[in-house]
Amino acid sequence: MDSLALALVSSERAMEANTSSKTSGVPSLLANVEVSHLDGFDTTTPMQSPKPVLHPDTGRPARMRPPERVAPRSEAVIPAFDSPFNPPGQRSGHPVSISLPSSPTGFGEPLVAPGGDLHERKQAMSNAAQEPAQHVRFVQPHRVMFRSQPNPGGVPTHAVRRMGSRGGRTMNRDKRYDSFKTFSGKLERQITHLAGGGVPVSTPEEEEFAQGQGEAVSGDNVDRFFAALEGPELDKLKSSEELALPADKKWPFLLRFPISAFGMCLGVSSQAILYKTIATAAPTEFLHVNPKVNLVLWFISVGLMSIITAAYAFKIIFFFEAVRREYYHPIRVNFFFAPWIACLFLAMGVPPSVATQLPPWLWYALMSPFLCLELKIYGQWMSGGQRRLSKVANPSNHLSVVGNFVGALMGASMGLKEGPIFFFGVGVAHYTVLFVTLYQRLPTNATLPKDLHPVFFLFVAAPSVASMAWAKIVDEFGVGAKLAYFIAMFLYASLAVRINFFRGFMFSLSWWAYTFPMTGAAIASIRYATVVDNAFTKALCVGLSLLATLTVTGLFATTMVHALVYHDLFPNDIAIAITDRKMKPIMELQESGKDDDSRSGSSKDVEAGATAAVAPEA
């Protein structure tokens, strides 16, 4: 009978447990698991309060310090920690909270053993609420809320974004070019600071390069150019030297734009003079050349001159140190005559539809820079100092001489007398000295490399223009003019017969040295044909004019292709990037390394001997 009653009671309890599990959503197997003996486990029975801590003096339970903050729902409270962004010993002023997602369905509901009443559930919840805050509690929230706290240190995200958008290019500014800039980067940094872009930073390599290799070259120390550079044009760096700019990167365009680019203006503008002469001269009337050809070429010359002048003007404004180095370069200084010679060509080749007569003040305005430059350069040639002619002589020096004859020709064409004779006499005197010096090759007795052979055509330019200038001054193509013309033709023929002398080398700006000397020889031949009119002189006029036109046209097209397609027309200008410091040769470095090793070895032997001497005494 007792066993039957016990079986009925067990079945009733099992049914109640199944009913409770269905209503609570927890399987019966998990509901009957006894886990109350496991410490720290989220048990299904009411959690017992921890054993109170007794005070050591009174023996009564010690009063626990209430938590500083009650954690909101779905939030785990972690004690404050020392942040790496705060100074040592200073703790964060606000707690760090971690937002937790809501628990799965049924998770977090207090489970009560079968048979428990409502009073036990309330007691369990009250005991759990009184526990310290260091335990992590999971409570089912009425609404899911995700909270985030700001980081204790660092830069705000919006500030970083603003700095990156405004000063992204300036923040990583390369300081290695500052020594060549007019403002040394100060104006750029001020503009960036006013725009809120922050302080520009550089890499350690750039700092070392800017501090250790950016020394300026003294203008008076012309020997430094000869010691660091080689080649007749002094544009090749010696192997024992180092650069003030990075050799493995392409420099800014303005730093790579040389003063020798004005040679293109000389070639194109001289073509405008040629076709103006062909259209108006008697020996070439049978060609019936339209004067509009001169008009088109003149406008092309003006456009090209404007572009090149604007580019070099920007170089003067932003990279004045590079312009200063070009001026002190013993060879590049001659190209500072080229812009003014090009202006004289434009004035002489102006179409009749644009202007029939030029004002005299224009000649004085254009010849004033010539006089200033000649007083500087010719004085150095004659003084016998570091820049004496026997030391700096080069075919490019013809540019400093031919301007005198071009100016004399223009002045005589405008009706002036004394001024043209003055510049003609100065030109003849210095051309004679330069001609002899270049023939003897006094500086180095070295031959020109192949890519600089076209510079030899500058020998033809001066006597060709001089013959026309003297003919204008005396108002006839007499003996003096013919003498200069014949010298020019002989030099032209001596270069033309050496065809192999001008083949097998890559394109460069030095090719433009072909252009205006050939054009000058063609114009001089037309002037000579007006006096000596026969079939040979007419054929010579047509042949030289056609050869000069084909040369300028092909060279202009090649230049545009290299400039716009290949982008290799202006390489890094090595001539302006030398430093005052000379790099030690490899052999010296090896010998110094051996000396250091021997010194270190001897010091080690001395130390070993001293140690051995002290050891017996110990």
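This is a predicted model: local features need pLDDT of at least 70, side-chain atom pairs count only at pLDDT 80 or more; totals for chains, interfaces and linings use all residues.

**Entry 1: Pro420.** I started with Pro420, which I found in helix 16, residues 418-440. Buried or exposed, I wondered about Pro420? The relative accessibility came out at 0%, so Pro420 counts as buried, the cut-off being under 20%.

Next I looked up what surrounds the proline. Skipping neighbours within four places in sequence, I got contacts from Pro420 to Trp363, Ala408, Gly411, Ala412 and Ile473.

**Entry 2: Phe435.** I stayed in helix 16 and moved on to Phe435. Relative accessibility here is 22%, so I logged Phe435 as partly exposed. Which residues does Phe435 touch, leaving aside neighbours within four places in sequence? I got Phe459 and Leu491. I also noted the C-alpha distance from Phe435 to Asn397, which is 9.9 Å for a pair 38 residues apart along the chain.

**Entry 3: helix 15 against helix 17.** Ala408, Ala412 and Ile473 had turned up around Pro420, and I met them again in the contact between helix 15 and helix 17. I took the axes of helix 15 (residues 399-413) and helix 17 (residues 458-474): they come within 8 Å and cross at roughly 25 degrees. That angle is under 35 degrees, so helix 15 counts as roughly parallel to helix 17. I checked the hand of the crossing too, and it is left-handed.

Then I listed who makes the contact. From helix 15 I have Leu399, Val402, Phe405, Val406, Ala408, Leu409, Ala412 and Ser413. Helix 17 brings Leu458, Ala461, Ala462, Val465, Ala466, Met468, Ala469, Lys472 and Ile473. How many of the contact residues are nonpolar, polar and charged? I wrote down 15 nonpolar, one polar and one charged.

**Entry 4: the UniProt record.** I looked up the annotation last. The unreviewed UniProt entry places "transmembrane region" at several spans, among them 335-355, 422-440 and 452-471. I ran two of these spans against the model. Residues 422-440 are 100% helix and 0% strand, with the end C-alpha atoms 28 Å apart. Residues 335-355 gave me 52% helix and 0% strand, and an end-to-end C-alpha distance of 29 Å.

Terms used. Residues are numbered from 1 along each chain as its sequence is written. Side-chain values use heavy atoms; hydrogens and water are left out. Axes are lines fitted to C-alpha atoms, for helices over the stretch in contact, and angles run from 0 to 180 degrees between N-to-C directions. Helices (H or I, at least four residues) and strands (E, at least two) are DSSP runs, numbered from the N terminus. Angles under 35 degrees count as roughly parallel, over 145 as roughly antiparallel, 65 to 115 as roughly perpendicular and the rest as oblique. A crossing is left-handed if the near helix is turned anticlockwise from the far one by less than a right angle, and right-handed if clockwise. Contact means heavy atoms within 4.5 Å. Ala, Val, Leu, Ile, Met, Phe, Trp, Tyr, Cys and Pro count as nonpolar, Asp, Glu, Lys and Arg as charged, and the others, Gly among them, as polar. Buried means under 20% relative accessible area, exposed over 50%, partly exposed in between (1.4 Å probe, protein chains only). UniProt positions are given in the numbering used here, feature names are shortened, and annotations may be inferred rather than shown by experiment.
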